[in-house]
Amino acid sequence: MTPEEVLARLDAPLSLRRRVFYLAVAFAGLTASALIGLLWATEPGLPTRTHLAFAALVAIGLCWAAFGGWAVIRRTPLFARDRVVAGWLGVGAWLVFSVGALAITVARREVEPVLLGVVLVLGAVAVVHLRAARRARVALLRRRVALTATATGDR
């Protein structure tokens with residue numbers, strides 16, 4: 001492929017497969033938020049910590065729904081920006097989960113080793129995905145610059 005052909009492929013919007021994937025992400029986030037919100041609305045007399053947990057889960061689901069919608073409606077190339085945003089959403093959801101788990105642990109005054117293990121594993125996975133997404137974005141942007149320079153004859 002010539003540099004012009006590679007640049008044309010890089011400048012293309014999301015493929016149909018990626019669009020369907022992001023629609024599924026948006027639908028899953030919206031569905032989860034709606035179901036949790038429905039459960040929350042129909043259960044009277046819940047403790048405060050349950051209200052906070054439901055609010056956090058609804059907010060996380062709405063964030064994923066908004067992310068999926070944003071990725072689908074973008075008409076410009078994302079150069080892995082979508083992956084970086086998803087990585088940050090994953091880290092943010094992990095932080096919310098970790099704070100909630102820490103609050104429960106402090107309130108009960110007993111450490112659950114399994115919960116601690118789950119928190120650490122989820123945090124590691126979220127950070128690894130974010131780091132990989134940022135590296136992929138940097139690599140794509142460098143490649144675009146190199147190909148643009150090659151296509152225009154600059155060196």
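In this model, the axes of helix α4 (residues 81-108) and helix α5 (residues 113-152) come within 8 Å and cross at roughly 165°; axes here are lines fitted to C-alpha atoms, for helices over the stretch in contact, with angles running from 0 to 180 degrees between N-to-C directions. That makes α4 roughly antiparallel to α5, a label given to angles over 145 degrees. The model is a predicted one, in which local features need pLDDT of at least 70 and side-chain atom pairs count only at pLDDT 80 or more, while totals for chains, interfaces and linings use all residues. Residues are numbered from 1 along each chain as its sequence is written, and side-chain values use heavy atoms, with hydrogens and water left out.

The crossing of α4 and α5 is left-handed, that is, the near helix is turned anticlockwise from the far one by less than a right angle. On the α4 side, the residues that meet α5 include Val84, Trp88, Val91, Trp94 and Phe97. Their partners in α5 include Leu115, Val119, Leu122, Ala126 and Leu130. The residues of this contact (heavy atoms within 4.5 Å) divide into 15 nonpolar, 5 polar and 4 charged. For these classes, Ala, Val, Leu, Ile, Met, Phe, Trp, Tyr, Cys and Pro count as nonpolar, Asp, Glu, Lys and Arg as charged, and the others, Gly among them, as polar.

Helix α4 also meets α3, and here the axes come within 11 Å and cross at roughly 180°. The two helices, α3 and α4, are therefore roughly antiparallel to each other. Among the α3 residues in this contact are Ile60, Trp64, Phe67 and Trp70, with Val85, Leu89, Ala93 and Val96 among those of α4. By class, the contact of α3 with α4 holds 11 nonpolar, 1 polar and 2 charged residues.

The crossing of α2 and α3 is left-handed, and their contact has 18 nonpolar, 7 polar and 1 charged residues.

Overall, the protein has 5 helices and 0 strands, taken as DSSP runs (H or I, at least four residues, for helices; E, at least two, for strands) and numbered from the N terminus. Of its 155 residues, 23% count as buried, meaning under 20% relative accessible area with a 1.4 Å probe, protein chains only. Among contacts between residues at least 6 apart in sequence, 72% join residues at least 24 apart.

Conventions: Buried means under 20% relative accessible area, exposed over 50%, partly exposed in between (1.4 Å probe, protein chains only). Angles under 35 degrees count as roughly parallel, over 145 as roughly antiparallel, 65 to 115 as roughly perpendicular and the rest as oblique.
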